[in-house]
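Here are my notes on the model, point by point. Have it open while you read.

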Amino acid sequence: MRIGFSGKGGSGKTTLSSLFCRWLQKQGHTVLAIDSDMNQHLSQSLGLPKDALINTPKLGSQFELLAQSLMGTHPRIEQVSHITASTPPAHGSVFARLQVDDPILKNWAYQHNNLFLAATGIFDNENVGTTCYHSYTAGAELLLSHLLDTEEDVVVADLTAGSDPYTSGMFRHFDLMILVVEPTLKSVEVFHQCQSYAQEFNVPIVVVGNKVAYPEDLDFIKSHVKEAYLGALTHSAFLRAQDKGTWQDISLLEPDNLDILKQLFKLLKQTPKQWQHYADLNYIFHKKAAISWANDLYKTDLAQQIDPTFNYEDVR
């Protein structure tokens, strides 16, 4: 099961995604948390050691090594440098599984009990001004298209801010997308943008409100997002203490806020897992990338990387 958290910058998506990860851990689920936000604060929000990811290769900053690891004997890839974020898997590709001994996750994720944490990485100084952050989120996209998660696993991604996860196509890798919305016009505008981008691709979006101080704040959010509304986080002494460095067991989170986490999980469990839908969207977005920029860059037709005989069910 896969769930992605997005929203306007500063809306609280890292806070909510980290709370959800911690609650899932407490329930005994195997969790893969992916930090693909430019600010890379998920590790800190999960309460992991400051040096947790120091020796763990980053999905984006070492993209070619990741691509080499996943390429396997893919029969339609001429060379590893032709692999892009949207390159779909084929018979012969290597796949990751949420298991302790999985070679991909052993190399590309930090493990703490039943939690795996992978990160896209942050800009090296030499990359400032020469590339955009999509070159880093590409690693997360490639891993997700080569991931065989089960109904007992939960993949939780803290995504880039604003509508970027939708305009880039990242949203297609998830069963359910969560938009964290504040009671402001800017925040609901992001919601409407994201909803318009995703609606034709059949990936459900639900809204969780945040920073709600008054009843009229809640009314404002509900009036703008309508049936997409799921609930809202309430004022939290638990989170205020955490921001000051005091860590408590997730079971001590306020009941109303715990209920939001339970609602998210219930909704995720009820959302059908559609492997063929993943494959179909992989092909759609890879063709888009090939036509719009990749073919010109690599001087070859990258749409030929698509294996029409491939089916995720054959490799699960």
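1. Does Glu182 count as buried or exposed? Glu182 counts as buried, because its relative accessibility is 8%. (Buried is under 20% relative accessible area, exposed is over 50%, and partly exposed is in between, with a 1.4 Å probe and protein chains only.)

2. Some ground rules before going on. This is a predicted model, so local features need pLDDT of at least 70 and side-chain atom pairs count only at pLDDT 80 or more, while totals for chains, interfaces and linings use all residues. Residues are numbered from 1 along each chain as its sequence is written, and side-chain values use heavy atoms, with hydrogens and water left out.

3. Now the overall picture. The protein has 12 helices and eight strands; these are DSSP runs numbered from the N terminus, helices being H or I with at least four residues and strands E with at least two. Along the principal axes, the C-alpha atoms fill a box of roughly 60 × 40 × 40 Å. Of the 316 residues, 55% count as buried.

4. On contacts (heavy atoms within 4.5 Å): among those with a separation of 6 or more, 74% come from residues 24 or more positions apart.

5. Back to Glu182, which forms a salt bridge with Lys8, with the closest N and O atoms 3.1 Å apart. The two sit 174 residues apart, Glu182 in the loop between strand 6 (176–181) and helix 7 (185–198) and Lys8 in the loop between strand 1 (2–7) and helix 1 (13–26). Lys8 is partly exposed, with a relative accessible area of 22%. The salt bridge rule asks for a side-chain nitrogen of Lys or Arg within 4 Å of a carboxyl oxygen of Asp or Glu, and by this rule the count comes to 10.

6. Another pair to look at is Asp158 and Lys13, a salt bridge whose closest N and O atoms are 3.0 Å apart.

7. Arg172 lies in the loop between helix 6 (164–167) and strand 6, and Glu141 in helix 5, so the pair ties together parts 31 residues apart in sequence. Arg172 is buried at 3% relative accessible area, and Glu141 is buried at 6%. Elsewhere, salt bridges with shared partners join Arg2, Asp149, Asp175 and Lys273 into one network.

8. Which buried residue has no salt bridge? That is Asp307, whose nearest side chain of opposite charge, Arg76, is 4.2 Å away. (Lys and Arg count as positive, Asp and Glu as negative; His and the chain ends are not counted.) Asp307 lies in the loop between helix 11 (275–298) and helix 12 (312–315). Leaving aside neighbours within four places in sequence, Asp307 contacts Arg76, Ala90, His91 and Tyr283.

9. Last, Ala140 in helix 5 (residues 134–145). Ala140 counts as buried, at 1% relative accessibility. Its C-alpha atom is 6.0 Å from that of Leu59, 81 residues away along the chain.
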